[in-house]
Amino acid sequence: MRGAGGGANLLALRSHNTALVLDLLRTAGTEGISRLELADRTGLTPQAVSKITARLREEGLAAEAGRRASTGGKPRTVLRLVPEAGHAVGVHLDRDELRAVLADLDGTVVARRHAALDLGAGAEAVLGRVAAVVGELGAEVAGAAGGRSLLGVGVALPGPLDHRRGVLHRVTGFPEWDGFPLRDALAERLGGVPVVVDKDTNAVALGLAVGGEGGSFAYLHLGTGLGAGLVVGGSVHRGPRTGAGEFGHQVVQLDGPPCGCGDRGCVEALCLAAVARGEMGEAARVLGTGAANLVGLLDIDRVLVGGRTVEGAPRVFLGGVRGVLEARARRTGEECVGVGLVSGESRVAEGAAQLVLAPVFGQDG
């Protein structure tokens, strides 16, 4: 498996003007877009567009998509993105399982992996498992894309963590990971392939935003733990220390049961306790209470819920969260925000791939 330098030049891709052109090529789809249209929509000069598209064609990222009749003069050549010219691996590390996907430049998943995992087995064992899976997927890229390299690997897992430095903090229930430099350690294990690390909830939120979910919204993920991904004004909100979204550890019952974070009465502890008792309706009500607090604090447009526990009883959780939010709206006289379900076992892994892909197109990664 080759590093990012062997294929598409990642530094070149991340230039602002190139990102603008690539994004328009992607949204144009198979029909393509002309250089004149690219100049008009980006505000760049025709000469600048020609230089950028020439480089993209040399790197195999863009190709001719035919010709289109013009209002005068000769027909215009239109260009399209070549999705298979670059790939990213997205990895979801949960407390008890690993899911990984290989996605092309369009974000289309072309391969998947799923395996059991013990996040408490230690860094060496976990890194070895991740490296093996990335190696398997990287081999598929080499076979399918004529040896082109990966653009990078995105890793998403429970927080809290430092997204900028790729360093984990005290993952609830796994204090041994506190301070571990996951990004740098994995990049070294992978021979220099770029690695991005973020919370599982942020990865899903980014994937939703890239996929067209507009406005400001919260994604609430209830699986082996509980967290939130926040999108405000179209961008993932991580905060100045990248610690935003620790939704599960808001205290809603001062004398409540102990939580793995060391506090008492956290939404996560109450939710998971209700789930353990088989009381899904109560878990949904607690989740809705936390969601109502979030709506009141941030005035977001929409609340989306997902995760394996939610998917086990989607109607119960949707109805329970919606019921609490509707009751809040009646009390405040405000319009009730929308509530929706995010389904799919690989949504976190797919969002993790977007941690690498989205910046290529000038989107928040």
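How are H7 and H12 oriented to each other? In this predicted model, the axes of helix H7 (residues 200–210) and helix H12 cross at roughly 70° and come within 7 Å. Because angles of 65 to 115 degrees count as roughly perpendicular, H7 and H12 are described as roughly perpendicular to each other. On the side of H7, the contact is made by Asp-200, Ala-203, Val-204, Leu-206, Gly-207, Leu-208 and Val-210. The partners on H12 are Arg-347, Val-348, Gly-351, Ala-352, Gln-354, Leu-355 and Ala-358. By class, the residues of this contact comprise nine nonpolar, three polar and two charged.

Nonpolar packing was examined next. In soluble globular proteins, nonpolar side chains tend to be buried together. The largest nonpolar core of the model contains 45 residues, and those with the most contacts inside it are Val-21, Leu-22, Leu-25, Leu-38, Leu-56, Leu-105 and Leu-208. Helix H12 (residues 347–360) supplies the largest share of this core, with nine residues. Another core, of 34 residues, lies apart from it and includes Leu-102, Val-126, Leu-127 and Leu-186. Within the largest core, Leu-25 is one of the residues with the most contacts. Neighbours within four places in sequence being set aside, Leu-25 is in contact with Ile-33, Leu-38, Leu-56, Ala-62, Leu-79, Arg-80 and Leu-81.

Asp-162 is placed in strand S8 (residues 161–162) and has a relative accessible area of 14%. Since buried means under 20% relative accessible area, Asp-162 is classed as buried. A polar atom of the Asp-162 side chain lies 3.0 Å from the backbone nitrogen of Arg-164. Beyond its neighbours within four places in sequence, Asp-162 is in contact with Val-167, His-169 and Thr-242. Thr-242 is located in the loop between strand S13 (235–236) and helix H8 (267–276). Its relative accessibility is 3%, so Thr-242 likewise counts as buried. Although Thr-242 is not a glycine, its phi is positive, at about 55°. The loop between strand S7 (150–157) and S8 contains Pro-160, and the peptide bond from Gly-159 to Pro-160 is cis, with omega near 0°.

A positive phi of about 55° is also found at Asp-299, again a residue that is not a glycine. Asp-299 occupies the loop between helix H9 (280–298) and strand S14 (302–306). At 62% relative accessibility, Asp-299 counts as exposed, whereas Thr-242 is buried.

Two other buried residues were considered. Arg-328 is situated in helix H11 (residues 314–332) and is buried, with a relative accessible area of 13%. With residues up to four places away in sequence not counted, Arg-328 touches Ala-292, Val-295, Gly-296 and Glu-334. Arg-328 and Thr-289 are separated by 39 residues in sequence, and their C-alpha atoms are 9.3 Å apart in space. Leu-190 lies in the loop between helix H6 (182–189) and strand S10 (195–199). Its relative accessibility of 6% places Leu-190 among residues counted as buried. Leu-190 and Ala-329 are 139 residues apart along the chain, with a separation of 50 Å between their C-alpha atoms.

Conventions: Residues are numbered from 1 along each chain as its sequence is written. This is a predicted model: local features need pLDDT of at least 70, side-chain atom pairs count only at pLDDT 80 or more; totals for chains, interfaces and linings use all residues. Side-chain values use heavy atoms; hydrogens and water are left out. A nonpolar core is a set of buried Ala, Val, Leu, Ile, Met, Phe, Trp, Tyr and Cys residues joined through side-chain atoms within 4.5 Å. Buried means under 20% relative accessible area, exposed over 50%, partly exposed in between (1.4 Å probe, protein chains only). Helices (H or I, at least four residues) and strands (E, at least two) are DSSP runs, numbered from the N terminus. Contact means heavy atoms within 4.5 Å. A polar contact is a pair of N or O atoms within 3.5 Å; within protein, one must be able to donate a hydrogen and the other to accept it, and residues adjacent in sequence count only if both atoms are side-chain atoms. Axes are lines fitted to C-alpha atoms, for helices over the stretch in contact, and angles run from 0 to 180 degrees between N-to-C directions. Angles under 35 degrees count as roughly parallel, over 145 as roughly antiparallel, 65 to 115 as roughly perpendicular and the rest as oblique. Ala, Val, Leu, Ile, Met, Phe, Trp, Tyr, Cys and Pro count as nonpolar, Asp, Glu, Lys and Arg as charged, and the others, Gly among them, as polar.
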